[in-house]
Amino acid sequence: MPDGQVLQNPFKPTAGKMPPELIGRDEVVDEFYEGLLNGPGAPERLIRVSGVRGTGKTVMLGEFKRIALNMEQKWTVVSETASPGFSSRILEALSRSHAPVDATLQPTALGASLGSVRFERSSLNLREAMMRATEKNRGLLITLDEVQDASFDETKALAIAVQHVIAEDRDVAFAFAGLPSMVSEIVNGDTLTFLRRAVPVELSMVPIGDVASSIEDTMRRIGRMEIDGRLVNRLATASAGYPFMVQLIGYQTWQAAFRRCGRRAGAVLPCDVEAGIEKARSRFDAMVIEPALQRVAPMELRYMLAMSLDEEKPSSTSAVAARMGSDLAGVSSYRARLMKAGLVESAGRGFVAFAIPYMDQYLRSRRDEIEQGMLV
Ligand SMILES: Nc1ncnc2c1ncn2[C@@H]1O[C@H](COP(=O)(O)OP(=O)(O)OP(=O)(O)O)[C@@H](O)[C@H]1O
Ligand SMILES: [Mg+2]
(Lines give C-alpha, C1' and ligand atoms only; values in the text may rest on other atoms or scores of the structure.)
(Ligands and ions follow the chains in the order given, each with its own letter.)
Protein backbone atom coordinates (compact mmCIF):
# COMPACT_ATOMS: atom_id res chain seq x y z
CA MET A 1 0.00 0.00 0.00
CA PRO A 2 1.36 3.48 -0.83
CA ASP A 3 2.50 5.63 2.11
CA GLY A 4 -0.13 7.87 3.61
CA GLN A 5 -3.06 5.67 2.65
CA VAL A 6 -5.15 4.61 5.63
CA LEU A 7 -5.40 0.90 6.30
CA GLN A 8 -9.05 -0.13 6.17
CA ASN A 9 -10.85 -3.22 7.31
CA PRO A 10 -11.00 -5.40 4.16
CA PHE A 11 -14.04 -7.48 5.17
CA LYS A 12 -17.55 -6.30 4.22
CA PRO A 13 -20.31 -7.60 6.52
CA THR A 14 -22.99 -5.42 4.93
CA ALA A 15 -26.01 -6.56 2.93
CA GLY A 16 -25.41 -6.33 -0.80
CA LYS A 17 -21.78 -5.24 -0.43
CA MET A 18 -19.27 -6.94 -2.68
CA PRO A 19 -16.92 -9.05 -0.50
CA PRO A 20 -13.14 -8.76 -0.93
CA GLU A 21 -13.26 -12.16 -2.65
CA LEU A 22 -16.32 -13.91 -4.00
CA ILE A 23 -15.83 -17.33 -2.45
CA GLY A 24 -17.07 -20.54 -4.03
CA ARG A 25 -19.11 -19.01 -6.85
CA ASP A 26 -16.75 -19.49 -9.81
CA GLU A 27 -18.98 -21.93 -11.60
CA VAL A 28 -22.05 -19.69 -11.60
CA VAL A 29 -20.00 -16.69 -12.62
CA ASP A 30 -18.42 -18.60 -15.52
CA GLU A 31 -21.77 -19.94 -16.66
CA PHE A 32 -23.34 -16.52 -16.70
CA TYR A 33 -20.40 -15.03 -18.60
CA GLU A 34 -20.52 -17.84 -21.15
CA GLY A 35 -24.27 -17.35 -21.50
CA LEU A 36 -23.67 -13.73 -22.49
CA LEU A 37 -20.95 -14.74 -24.94
CA ASN A 38 -23.09 -17.43 -26.52
CA GLY A 39 -25.68 -14.96 -27.77
CA PRO A 40 -29.48 -15.06 -27.86
CA GLY A 41 -30.86 -18.46 -26.93
CA ALA A 42 -28.18 -19.33 -24.36
CA PRO A 43 -30.11 -20.72 -21.35
CA GLU A 44 -27.94 -18.93 -18.76
CA ARG A 45 -29.42 -15.63 -19.90
CA LEU A 46 -32.48 -16.44 -17.85
CA ILE A 47 -31.30 -17.19 -14.34
CA ARG A 48 -32.87 -17.39 -10.91
CA VAL A 49 -30.90 -17.13 -7.68
CA SER A 50 -32.39 -18.36 -4.44
CA GLY A 51 -31.08 -18.74 -0.91
CA VAL A 52 -31.77 -17.78 2.69
CA ARG A 53 -30.75 -14.36 4.01
CA GLY A 54 -27.06 -13.63 3.85
CA THR A 55 -26.06 -16.29 1.33
CA GLY A 56 -25.06 -13.69 -1.28
CA LYS A 57 -27.99 -13.25 -3.67
CA THR A 58 -27.67 -9.49 -4.02
CA VAL A 59 -23.91 -9.79 -4.40
CA MET A 60 -24.45 -12.40 -7.12
CA LEU A 61 -26.74 -10.05 -9.06
CA GLY A 62 -24.11 -7.33 -8.63
CA GLU A 63 -21.51 -9.66 -10.06
CA PHE A 64 -23.73 -10.38 -13.08
CA LYS A 65 -24.01 -6.64 -13.60
CA ARG A 66 -20.25 -6.21 -13.44
CA ILE A 67 -19.76 -9.00 -15.97
CA ALA A 68 -22.28 -7.46 -18.40
CA LEU A 69 -20.73 -4.00 -18.11
CA ASN A 70 -17.28 -5.45 -18.81
CA MET A 71 -18.34 -7.20 -22.00
CA GLU A 72 -16.76 -5.97 -25.20
CA GLN A 73 -20.18 -5.52 -26.73
CA LYS A 74 -22.13 -2.70 -25.08
CA TRP A 75 -24.61 -3.86 -22.44
CA THR A 76 -27.14 -1.72 -20.60
CA VAL A 77 -27.96 -2.93 -17.08
CA VAL A 78 -31.13 -2.08 -15.19
CA SER A 79 -31.15 -3.28 -11.56
CA GLU A 80 -34.30 -3.13 -9.48
CA THR A 81 -35.75 -4.46 -6.25
CA ALA A 82 -39.20 -6.02 -6.55
CA SER A 83 -41.04 -3.59 -4.24
CA PRO A 84 -44.36 -2.18 -5.56
CA GLY A 85 -43.96 -0.19 -8.77
CA PHE A 86 -40.83 -1.96 -9.96
CA SER A 87 -42.18 -2.50 -13.48
CA SER A 88 -42.68 1.24 -13.95
CA ARG A 89 -39.26 1.94 -12.48
CA ILE A 90 -37.70 -0.44 -15.00
CA LEU A 91 -39.63 1.25 -17.77
CA GLU A 92 -38.45 4.66 -16.58
CA ALA A 93 -34.85 3.53 -16.42
CA LEU A 94 -35.07 2.15 -19.95
CA SER A 95 -36.71 5.33 -21.20
CA ARG A 96 -34.00 7.42 -19.57
CA SER A 97 -31.17 5.64 -21.30
CA HIS A 98 -32.98 5.21 -24.61
CA ALA A 99 -35.86 6.79 -26.49
CA PRO A 100 -38.82 7.40 -24.14
CA VAL A 101 -42.06 5.50 -24.65
CA ASP A 102 -45.40 7.32 -24.82
CA ALA A 103 -45.99 8.77 -21.35
CA THR A 104 -49.74 8.27 -21.51
CA LEU A 105 -49.20 4.54 -21.63
CA GLN A 106 -46.98 4.33 -18.57
CA PRO A 107 -48.11 1.65 -16.11
CA THR A 108 -49.23 2.75 -12.68
CA ALA A 109 -46.94 2.65 -9.71
CA LEU A 110 -49.47 0.47 -7.95
CA GLY A 111 -48.05 -2.84 -6.90
CA ALA A 112 -51.24 -4.64 -5.98
CA SER A 113 -53.27 -5.23 -9.09
CA LEU A 114 -52.78 -3.53 -12.42
CA GLY A 115 -56.12 -4.50 -13.90
CA SER A 116 -56.17 -6.32 -17.20
CA VAL A 117 -55.97 -3.33 -19.55
CA ARG A 118 -53.22 -1.67 -17.59
CA PHE A 119 -51.45 -4.96 -17.30
CA GLU A 120 -51.42 -5.47 -21.07
CA ARG A 121 -50.18 -1.94 -21.61
CA SER A 122 -47.54 -2.26 -18.99
CA SER A 123 -46.19 -5.40 -20.58
CA LEU A 124 -46.34 -3.89 -24.07
CA ASN A 125 -44.54 -0.75 -22.95
CA LEU A 126 -41.83 -2.76 -21.31
CA ARG A 127 -41.46 -4.84 -24.40
CA GLU A 128 -41.21 -1.78 -26.62
CA ALA A 129 -38.66 -0.15 -24.32
CA MET A 130 -36.61 -3.36 -24.24
CA MET A 131 -36.69 -3.62 -28.01
CA ARG A 132 -35.32 -0.09 -28.24
CA ALA A 133 -32.68 -0.77 -25.64
CA THR A 134 -31.44 -3.75 -27.66
CA GLU A 135 -31.31 -2.04 -31.04
CA LYS A 136 -28.01 -1.83 -32.92
CA ASN A 137 -26.63 -4.95 -31.36
CA ARG A 138 -26.72 -3.59 -27.80
CA GLY A 139 -27.26 -6.00 -24.93
CA LEU A 140 -29.68 -5.53 -22.04
CA LEU A 141 -29.47 -7.17 -18.61
CA ILE A 142 -32.30 -6.72 -16.14
CA THR A 143 -31.73 -7.83 -12.55
CA LEU A 144 -34.56 -8.02 -10.04
CA ASP A 145 -33.93 -8.65 -6.33
CA GLU A 146 -36.23 -9.71 -3.44
CA VAL A 147 -38.68 -11.37 -5.82
CA GLN A 148 -40.37 -13.29 -2.97
CA ASP A 149 -42.18 -10.00 -2.23
CA ALA A 150 -43.07 -9.17 -5.83
CA SER A 151 -46.61 -8.52 -7.01
CA PHE A 152 -47.66 -11.33 -9.26
CA ASP A 153 -49.06 -8.97 -11.90
CA GLU A 154 -45.93 -6.89 -12.18
CA THR A 155 -43.71 -9.96 -12.37
CA LYS A 156 -45.92 -11.41 -15.05
CA ALA A 157 -45.89 -8.18 -17.07
CA LEU A 158 -42.11 -8.13 -16.96
CA ALA A 159 -41.73 -11.85 -17.68
CA ILE A 160 -43.98 -11.68 -20.73
CA ALA A 161 -42.08 -8.69 -22.08
CA VAL A 162 -38.72 -10.42 -21.59
CA GLN A 163 -40.06 -13.56 -23.23
CA HIS A 164 -41.09 -11.61 -26.32
CA VAL A 165 -37.79 -9.81 -26.61
CA ILE A 166 -35.95 -13.13 -26.33
CA ALA A 167 -38.16 -14.52 -29.07
CA GLU A 168 -37.08 -11.60 -31.27
CA ASP A 169 -33.50 -12.85 -30.93
CA ARG A 170 -32.40 -9.74 -29.10
CA ASP A 171 -29.45 -9.70 -26.72
CA VAL A 172 -31.37 -9.71 -23.47
CA ALA A 173 -30.69 -11.40 -20.14
CA PHE A 174 -32.85 -11.52 -17.02
CA ALA A 175 -31.52 -12.51 -13.61
CA PHE A 176 -33.76 -12.50 -10.56
CA ALA A 177 -33.19 -13.40 -6.93
CA GLY A 178 -35.20 -14.08 -3.79
CA LEU A 179 -35.68 -16.15 -0.67
CA PRO A 180 -36.43 -19.85 -1.25
CA SER A 181 -40.17 -19.19 -0.85
CA MET A 182 -39.99 -17.28 -4.16
CA VAL A 183 -39.72 -20.56 -6.02
CA SER A 184 -43.03 -21.97 -4.89
CA GLU A 185 -44.90 -18.68 -4.75
CA ILE A 186 -43.77 -16.84 -7.87
CA VAL A 187 -41.79 -19.13 -10.13
CA ASN A 188 -44.12 -22.09 -9.95
CA GLY A 189 -47.17 -19.84 -9.96
CA ASP A 190 -49.93 -20.82 -12.32
CA THR A 191 -49.20 -18.71 -15.35
CA LEU A 192 -45.50 -17.99 -15.25
CA THR A 193 -44.22 -21.08 -17.02
CA PHE A 194 -41.59 -18.91 -18.66
CA LEU A 195 -39.89 -18.21 -15.31
CA ARG A 196 -39.87 -21.90 -14.51
CA ARG A 197 -37.37 -22.41 -17.31
CA ALA A 198 -34.84 -20.13 -15.63
CA VAL A 199 -31.54 -21.79 -14.75
CA PRO A 200 -31.74 -22.34 -10.97
CA VAL A 201 -28.84 -21.23 -8.81
CA GLU A 202 -29.41 -22.27 -5.23
CA LEU A 203 -26.95 -20.48 -3.02
CA SER A 204 -25.97 -22.18 0.19
CA MET A 205 -22.82 -22.62 2.22
CA VAL A 206 -19.42 -22.28 0.57
CA PRO A 207 -16.68 -24.90 1.16
CA ILE A 208 -14.71 -24.35 4.40
CA GLY A 209 -11.40 -24.96 2.59
CA ASP A 210 -12.15 -22.09 0.18
CA VAL A 211 -13.20 -19.89 3.10
CA ALA A 212 -9.88 -20.57 4.82
CA SER A 213 -7.72 -19.65 1.85
CA SER A 214 -9.77 -16.55 1.18
CA ILE A 215 -9.61 -15.34 4.79
CA GLU A 216 -5.85 -15.91 4.85
CA ASP A 217 -5.32 -14.05 1.61
CA THR A 218 -7.61 -11.16 2.56
CA MET A 219 -6.01 -10.73 6.02
CA ARG A 220 -2.48 -10.71 4.60
CA ARG A 221 -2.70 -9.09 1.22
CA ILE A 222 -5.43 -6.49 1.71
CA GLY A 223 -5.60 -6.20 5.49
CA ARG A 224 -1.81 -6.42 6.07
CA MET A 225 -2.20 -8.75 9.05
CA GLU A 226 -0.10 -11.87 9.37
CA ILE A 227 -2.05 -14.90 10.56
CA ASP A 228 -1.05 -18.50 11.11
CA GLY A 229 -2.78 -21.47 9.54
CA ARG A 230 -4.26 -22.76 12.77
CA LEU A 231 -6.05 -19.47 13.43
CA VAL A 232 -7.23 -19.31 9.82
CA ASN A 233 -8.81 -22.74 10.24
CA ARG A 234 -10.47 -21.75 13.47
CA LEU A 235 -12.06 -18.73 11.76
CA ALA A 236 -13.14 -20.69 8.70
CA THR A 237 -14.75 -23.41 10.82
CA ALA A 238 -16.58 -20.86 12.97
CA SER A 239 -18.04 -19.27 9.81
CA ALA A 240 -19.69 -22.61 8.97
CA GLY A 241 -19.20 -21.56 5.33
CA TYR A 242 -22.05 -19.07 5.63
CA PRO A 243 -21.08 -16.12 3.39
CA PHE A 244 -22.35 -13.37 5.67
CA MET A 245 -20.70 -15.01 8.70
CA VAL A 246 -17.37 -15.16 6.83
CA GLN A 247 -17.45 -11.38 6.48
CA LEU A 248 -18.64 -10.80 10.05
CA ILE A 249 -15.96 -12.99 11.58
CA GLY A 250 -13.22 -11.61 9.34
CA TYR A 251 -14.26 -8.05 10.09
CA GLN A 252 -14.40 -8.39 13.86
CA THR A 253 -11.15 -10.34 14.05
CA TRP A 254 -9.22 -7.94 11.83
CA GLN A 255 -10.59 -5.01 13.84
CA ALA A 256 -9.52 -6.57 17.16
CA ALA A 257 -6.00 -7.16 15.83
CA PHE A 258 -5.76 -3.70 14.28
CA ARG A 259 -6.75 -2.03 17.55
CA ARG A 260 -4.36 -4.13 19.59
CA CYS A 261 -1.52 -3.36 17.14
CA GLY A 262 -2.00 0.39 17.69
CA ARG A 263 -3.96 0.83 14.45
CA ARG A 264 -1.14 -0.44 12.28
CA ALA A 265 -0.37 -3.50 10.20
CA GLY A 266 0.71 -6.43 12.37
CA ALA A 267 -0.38 -9.95 13.19
CA VAL A 268 -3.57 -11.65 14.33
CA LEU A 269 -3.27 -13.41 17.73
CA PRO A 270 -5.52 -16.09 19.27
CA CYS A 271 -7.13 -13.47 21.55
CA ASP A 272 -8.23 -11.46 18.47
CA VAL A 273 -9.73 -14.56 16.91
CA GLU A 274 -11.73 -15.45 20.03
CA ALA A 275 -12.94 -11.88 20.53
CA GLY A 276 -13.80 -11.64 16.82
CA ILE A 277 -15.82 -14.85 16.78
CA GLU A 278 -17.73 -13.89 19.90
CA LYS A 279 -18.69 -10.49 18.59
CA ALA A 280 -19.58 -11.90 15.17
CA ARG A 281 -21.82 -14.50 16.79
CA SER A 282 -23.89 -11.94 18.62
CA ARG A 283 -24.22 -9.77 15.50
CA PHE A 284 -25.22 -12.86 13.51
CA ASP A 285 -28.00 -13.60 16.00
CA ALA A 286 -29.35 -10.08 15.70
CA MET A 287 -28.95 -9.72 11.94
CA VAL A 288 -29.76 -13.18 10.57
CA ILE A 289 -31.34 -15.50 13.12
CA GLU A 290 -33.81 -13.14 14.78
CA PRO A 291 -35.15 -11.68 11.49
CA ALA A 292 -35.51 -15.22 10.09
CA LEU A 293 -37.47 -16.34 13.16
CA GLN A 294 -39.79 -13.36 12.90
CA ARG A 295 -41.26 -14.81 9.70
CA VAL A 296 -42.05 -18.14 11.39
CA ALA A 297 -45.52 -19.04 12.69
CA PRO A 298 -45.81 -20.34 16.30
CA MET A 299 -46.32 -24.03 15.44
CA GLU A 300 -43.34 -23.98 13.08
CA LEU A 301 -41.29 -22.40 15.82
CA ARG A 302 -42.34 -25.27 18.09
CA TYR A 303 -41.18 -27.68 15.42
CA MET A 304 -37.77 -26.04 15.36
CA LEU A 305 -37.57 -25.98 19.16
CA ALA A 306 -38.24 -29.72 19.14
CA MET A 307 -35.49 -30.18 16.54
CA SER A 308 -32.99 -28.14 18.54
CA LEU A 309 -32.96 -30.79 21.30
CA ASP A 310 -30.82 -32.94 19.02
CA GLU A 311 -27.87 -30.60 19.64
CA GLU A 312 -26.18 -30.10 16.26
CA LYS A 313 -27.22 -33.49 14.89
CA PRO A 314 -29.94 -34.05 12.26
CA SER A 315 -33.34 -34.78 13.80
CA SER A 316 -35.50 -37.77 13.08
CA THR A 317 -38.84 -36.48 11.83
CA SER A 318 -40.78 -39.04 13.87
CA ALA A 319 -38.87 -38.12 17.03
CA VAL A 320 -39.70 -34.45 16.46
CA ALA A 321 -43.38 -35.33 15.98
CA ALA A 322 -43.37 -37.37 19.20
CA ARG A 323 -41.77 -34.48 21.11
CA MET A 324 -44.63 -32.30 19.90
CA GLY A 325 -47.13 -34.88 21.12
CA SER A 326 -48.25 -35.70 17.58
CA ASP A 327 -47.50 -38.09 14.72
CA LEU A 328 -45.73 -37.60 11.40
CA ALA A 329 -48.87 -36.66 9.48
CA GLY A 330 -49.87 -34.17 12.17
CA VAL A 331 -46.68 -32.12 11.85
CA SER A 332 -45.73 -32.63 8.20
CA SER A 333 -47.19 -29.30 7.08
CA TYR A 334 -44.95 -27.42 9.55
CA ARG A 335 -41.92 -29.23 8.23
CA ALA A 336 -42.95 -28.51 4.63
CA ARG A 337 -43.37 -24.80 5.33
CA LEU A 338 -40.02 -24.57 7.10
CA MET A 339 -38.35 -26.26 4.16
CA LYS A 340 -40.05 -23.94 1.70
CA ALA A 341 -38.79 -20.98 3.72
CA GLY A 342 -35.26 -22.41 3.54
CA LEU A 343 -34.88 -22.67 7.31
CA VAL A 344 -34.84 -26.44 7.50
CA GLU A 345 -33.46 -28.93 5.01
CA SER A 346 -33.73 -32.63 4.43
CA ALA A 347 -30.84 -34.65 5.88
CA GLY A 348 -31.54 -38.02 4.32
CA ARG A 349 -34.70 -40.08 4.48
CA GLY A 350 -36.68 -39.35 7.62
CA PHE A 351 -34.25 -36.73 8.90
CA VAL A 352 -34.17 -32.94 8.90
CA ALA A 353 -31.50 -30.40 9.85
CA PHE A 354 -31.24 -26.64 10.32
CA ALA A 355 -30.21 -24.76 7.17
CA ILE A 356 -28.78 -21.73 8.99
CA PRO A 357 -25.76 -22.28 11.23
CA TYR A 358 -26.08 -21.47 14.93
CA MET A 359 -29.90 -21.51 14.70
CA ASP A 360 -30.15 -24.58 16.95
CA GLN A 361 -27.83 -23.07 19.57
CA TYR A 362 -29.85 -19.90 19.52
CA LEU A 363 -33.12 -21.78 20.04
CA ARG A 364 -31.70 -23.90 22.85
CA SER A 365 -30.24 -20.95 24.72
CA ARG A 366 -33.47 -18.97 24.56
CA ARG A 367 -35.95 -21.78 24.81
CA ASP A 368 -37.83 -20.47 27.87
CA GLU A 369 -37.96 -16.94 26.56
CA ILE A 370 -39.33 -18.12 23.17
CA GLU A 371 -41.94 -20.38 24.74
CA GLN A 372 -43.14 -17.60 27.00
CA GLY A 373 -43.35 -15.27 24.00
CA MET A 374 -45.56 -17.80 22.22
CA LEU A 375 -48.04 -17.85 25.09
CA VAL A 376 -48.80 -14.15 25.01
N1 LIG B 1 -19.45 -15.67 -2.22
C2 LIG B 1 -19.22 -14.89 -1.16
N3 LIG B 1 -18.03 -14.94 -0.53
C4 LIG B 1 -17.79 -14.15 0.53
N5 LIG B 1 -18.67 -13.30 1.05
C6 LIG B 1 -19.87 -13.20 0.46
C7 LIG B 1 -20.21 -14.00 -0.67
N8 LIG B 1 -21.47 -13.70 -1.04
C9 LIG B 1 -21.91 -12.76 -0.18
N10 LIG B 1 -20.96 -12.45 0.72
C11 LIG B 1 -21.11 -11.50 1.83
O12 LIG B 1 -22.26 -11.92 2.56
C13 LIG B 1 -23.06 -10.83 2.97
C14 LIG B 1 -24.48 -11.00 2.44
O15 LIG B 1 -24.52 -10.89 1.03
P16 LIG B 1 -25.85 -10.45 0.29
O17 LIG B 1 -26.35 -9.17 0.86
O18 LIG B 1 -25.60 -10.50 -1.16
O19 LIG B 1 -26.82 -11.66 0.73
P20 LIG B 1 -28.35 -11.86 0.36
O21 LIG B 1 -28.52 -13.29 0.08
O22 LIG B 1 -28.74 -10.88 -0.70
O23 LIG B 1 -29.07 -11.51 1.72
P24 LIG B 1 -30.57 -10.96 1.95
O25 LIG B 1 -31.49 -12.10 1.70
O26 LIG B 1 -30.57 -10.49 3.36
O27 LIG B 1 -30.80 -9.82 0.97
C28 LIG B 1 -22.34 -9.58 2.48
O29 LIG B 1 -21.59 -9.08 3.58
C30 LIG B 1 -21.42 -10.08 1.39
O31 LIG B 1 -20.25 -9.30 1.30
MG1 LIG C 1 -30.11 -9.34 -0.75
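Start with S346, which stands opposite V352 in β10. Strands here are DSSP runs of E with at least two residues, helices are runs of H or I with at least four, and both are numbered from the N terminus. This is a predicted model, where local features need pLDDT of at least 70 and side-chain atom pairs count only at pLDDT 80 or more, while totals for chains, interfaces and linings use all residues. Residues are numbered from 1 along each chain as its sequence is written, chains are lettered from A and ligands numbered from 1 in the order in which they are written, and side-chain values use heavy atoms, leaving out hydrogens and water.

**The sheet**
- Three strands make up an open, antiparallel sheet, ordered β8-β10-β9.
- β8 and β9 sit at the edges with a single partner strand each, so one side of each has no neighbour in the sheet.

**How the strands pair**
- Strand β8 (residues 315-316) pairs with strand β10 (residues 351-354) in the antiparallel sense over 2 bridges; to count as a pair, two strands need at least two bridges found by DSSP.
- On the β10 side, V352 is the bridge partner of S315, and F351 is the bridge partner of S316.
- Strand β9 (residues 344-346) also runs antiparallel to β10, joined to it by 3 bridges.
- The β9–β10 hairpin has 4 residues between its strands, and G348 takes a positive phi near 95° there.

**Helices against the sheet**
- Helix α12 (residues 298-308) lies across β8, β9 and β10, running at about 95° to β10.
- Helix α14 (residues 328-340) packs on the sheet too, touching β9 and β10, and its direction makes about 105° with that of β9.
- For these angles, axes are lines fitted to C-alpha atoms (for helices, over the stretch in contact), and values run from 0 to 180 degrees between N-to-C directions.

**Zooming in on S315**
- S315 lies in strand β8 and counts as buried because its relative accessibility is 1%; buried means under 20% relative accessible area, exposed over 50%, and partly exposed in between, using a 1.4 Å probe and protein chains only.
- Its side chain makes a polar contact with the side chain of D310 at 2.7 Å.
- That S315 side chain also reaches the backbone oxygen of M307 at 3.2 Å.
- A polar contact is a pair of N or O atoms within 3.5 Å; within protein, one must be able to donate a hydrogen and the other to accept it, and residues adjacent in sequence count only if both atoms are side-chain atoms.
- Leaving out residues up to four places away in sequence, S315 touches M307, D310, V320, G350, F351 and V352, where contact means heavy atoms within 4.5 Å.
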